Amino acid sequence: MLTEQVYTDLRDAIMRGEFVPGQALKPQELATRHGVSLVVVREALVRAVGEGIADRLPNRGFAVPAFSDQRWQEIAEARRTVEPVVLRMAIERGDLEWEARVRAAHHRLSRTPMHVPEEGEYFSEAWSVAHRDFHRALLEGCGNAVLLDSFDRMWVASELARRWSLNRNPARDLVAEHRGLEEAALARDADAASQALAEHLTLTAAGLTDGCHAES
């Protein structure tokens, strides 16, 4: 239970930008911060590494992933390869209940503010949750638990990249992108939906690369 709490707090802090890319995650400092043992902190850090939101560095401990084009492009490539295929399966297999879940998830996403003043420049936590739920709802009709587990792992691993990318590319019309995904999926247009999802993921990757180049 303690490990889960520390992991959740650490994940949320990283996602909020409390730790910058490449910053060391020092077990002793985290143990003091959370009032727990080093064993608990190390277990939480190992889980964070497994989820892709922290790196384990040889002889140097743990750190937030460094900003790297190649790393995030590889994650984006994996998602572009897998998720459009899973979406196609969902459209072919999804029933009326799946359609209802997709519609409800999109409605919630479209009604949730992307930003709230108290959470600064980053996307709001509520919007981030709604965003993830919408993308997962699109795929759930595939009926394959293994593929959905793969989505869950890739989503967590790509979440930092997505937030950094979208924070750097405010001109994107995310509302239109998500609406297009919902409309194509519910119209049972597998070709259009798969293409829209691939383009959606490509824009995230491109935004990250452009942002990095703009700062270099």
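Axes here are lines fitted to C-alpha atoms, for helices over the stretch in contact, and angles run from 0 to 180 degrees between N-to-C directions. Helices are DSSP runs (H or I, at least four residues), numbered from the N terminus. This is a predicted model, where local features need pLDDT of at least 70 and side-chain atom pairs count only at pLDDT 80 or more, while totals for chains, interfaces and linings use all residues. Residues are numbered from 1 along each chain as its sequence is written, and side-chain values use heavy atoms, with hydrogens and water left out.

**View 1. H5 packs with H6.** The two axes lie 9 Å apart, at an angle of about 160°. H5 and H6 are therefore roughly antiparallel (angles over 145 degrees count as such; under 35 is roughly parallel, 65 to 115 roughly perpendicular and the rest oblique). The crossing of H5 past H6 is left-handed, meaning that the near helix is turned anticlockwise from the far one by less than a right angle; clockwise would be right-handed. Look for the contact (heavy atoms within 4.5 Å): H5 brings residues including Trp98, Val102, Ala105 and Leu109, and H6 brings Trp127, Phe134 and Leu138 among them. Sorted by class, the contact has 10 nonpolar, two polar and four charged residues. Here Ala, Val, Leu, Ile, Met, Phe, Trp, Tyr, Cys and Pro count as nonpolar, Asp, Glu, Lys and Arg as charged, and the others, Gly among them, as polar.

**View 2. H5 meets H8.** Now H5 (residues 96-111) pairs up with H8 (residues 174-186), their axes coming within 11 Å and crossing at roughly 165°. That makes H5 roughly antiparallel to H8. This crossing is left-handed. On the H5 side you'll find Trp98, Glu99, Val102, Arg103, His106 and Leu109, facing His178, Arg179, Glu182, Ala185 and Leu186 of H8. Five of these contact residues are nonpolar, two polar and four charged.

**View 3. H2 crosses H3.** The axes of H2 (residues 27-34) and H3 (residues 38-51) come within 9 Å and cross at roughly 110°. So H2 and H3 sit roughly perpendicular to each other. H2 passes H3 in a right-handed crossing. Pro27, Gln28, Leu30 and Ala31 of H2 touch Leu38, Val41, Arg42 and Leu45 of H3. That contact divides into six nonpolar residues, one polar and one charged.

**View 4. The largest pocket has 13 lining residues.** Arg11, Arg132, Trp155, Val156 and Glu159 lie nearest its centre. Helices H1 (2-16), H6 (125-140) and H7 (145-168) each supply at least two residues of the lining. The lining counts eight charged residues, four nonpolar and one polar. A pocket is an open set of points on a 1 Å grid over the protein atoms alone, where a 1.4 Å probe fits, with protein on both sides within 12 Å along at least five of seven lines; lining residues have an atom within 4 Å of a point.
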